[in-house]
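Colleague: I would like to understand the terms used for this model. Please set each value against its cut-off.

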Amino acid sequence: MPIIKTDQPDSTEFWHNLFSRIQEQLNYDPQDKGPEFDPSTLSALRLLRDPDLPVPLRAINQFSEGAKKRLYRPLLPPELLVRFGIDPITCRGPDGDGHVRLVAPKEKGQLKIEAFHRLDARDPFAYIELVDNNFNGINVVLVVMNDPESPRFDTDVSPEGERTLFGTVNRNLEAEAAAMAAGLAPAQVRRGLRATNIALLHLESFLAMLGHESFAAEPLTYATALLFESRGFSYMTGRRLMEEIDREFRPGGRLHAALDGSTPFRQPGQEKNIRGRAWAIHDGVLRVIDRSWNDVRMVKRLGHNAGINTFPDAVY
C-alpha cells in the first residue's frame, strides 16, 4: 500500500495544540482584570462558561451579518413592526427587504437600528442607537418612536437647509413654534407613537441577555429627563439641576418670572406642564439662573424603579 504524504501535522502534536487552546479558554477567569482581557474578543466558550459575563456591543459586532441580525432583532418590539406590516422575524415589509436597517461595524462598539414603514420614508418610525462605554457598560444614545403618518415639522433643518442637531447648533424658529403649537416637545419632528415604554422594556431584556445590570443615558431635553424618571431612571449627575429648575419655575422663582411673553417659547403658564418648561429651556431660559442644559446623565438598573420625581405635580 502506497504511503500518501500530506501537509497535516503529526496527530499527537495536533491534539496537543487543540487541547491546549481549549484549556486556555476554560481557565479563563472573569474576575481577571489583567491587560490581556479584551471584551471584544470574547469566545463562545468563555460565554458558555460564564453566562453572567457582560458582553459589549463590539463583541457582537464581530459576528456575521446574519448572527447580528438575530441578536439585535429583539430590540424592536414585534407588535410595533406588525403594526406597519413588517414581519418581526424576516423584517420584510410591504416593499420587501430594507424596512429594517442595521448598522453595527465590526471595528466599533456601536449599534444603530431603524425601521421604516415605507422604503422611501423620510424618517424611521423606530430608531435606537447604543454605544459601548469605557466601563464595559452600554450607553443609550437615542431612542425615537415617531408616528410616520403624523404631520412633520422641520425642527431638525434650518431655513437655510442645514442640520440643526436638535437645535443645539442652530434653530428653525418657525418650525419650532409650529411644533410647539401642535403639542410636540423639543427635538421632536413628528408626534410620538406612545411606544417608548415598551421599547425600553425590550431594551432591558436585551441587555439582561448580554449580562448587563444597568445602562446609562444622557437625556437630550428636559422632557426626556422627566420621561426617563417616570420609567425608573436615577441620576448620575444633574439631579440638583432638575430640582433647581422645579423650584425656579414655581411662583416667585426666577424662571417663573422669565416666562414674560418675550418669545413664543416663554409664555406665562408654561411652567405648569412638562412641554412648556422644556420649550422655555430649549429657548435658553436657564441663563437667567446662570445654568445651561448639559451634564445631565442618568442610569437605569434593570428591573428597578428609582422612584425619582423632580416635577411632582407634572402634566405633559
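Modeller: Start with the salt bridge: a side-chain nitrogen of Lys or Arg within 4 Å of a carboxyl oxygen of Asp or Glu. Note that this is a predicted model, where local features need pLDDT of at least 70, side-chain atom pairs count only at pLDDT 80 or more, and totals for chains, interfaces and linings use all residues. Residues are numbered from 1 along each chain as its sequence is written, and side-chain values use heavy atoms, with hydrogens and water left out.

Colleague: What makes the meeting of Lys-300 and Glu-204 a salt bridge?

Modeller: The N to O distance is 2.8 Å. The cut-off is 4 Å, so the pair qualifies. Lys-300 sits in strand β7 (residues 297-301) and Glu-204 in helix α7, 96 residues apart. Helices (H or I, at least four residues) and strands (E, at least two) are DSSP runs, numbered from the N terminus. Both Lys-300 and Glu-204 are buried.

Colleague: How many salt bridges does the structure hold?

Modeller: It holds 20. Some form a network that links Arg-122, Asp-123, Arg-152, Asp-154, Asp-156, Arg-163 and Arg-190.

Colleague: Why does Asp-123 count as buried?

Modeller: The relative accessibility of Asp-123 is 11%, so it falls under the 20% limit. Asp-123 is found in the loop between β2 (110-115) and β3 (126-132).

Colleague: What makes the pairing of Asp-123 and Arg-152 a polar contact?

Modeller: A polar contact is a pair of N or O atoms within 3.5 Å; within protein, one must be able to donate a hydrogen and the other to accept it, and residues adjacent in sequence count only if both atoms are side-chain atoms. The side chains of Asp-123 and Arg-152 are joined at 2.6 Å. The side chain of Asp-123 also makes a polar contact with that of Arg-190, at 3.1 Å.

Colleague: Which residues does Asp-123 touch?

Modeller: Contact means heavy atoms within 4.5 Å. Leaving out residues up to four places away in sequence, Asp-123 touches Phe-116, Arg-152, Val-189 and Arg-190.

Technical notes: Buried means under 20% relative accessible area, exposed over 50%, partly exposed in between (1.4 Å probe, protein chains only).
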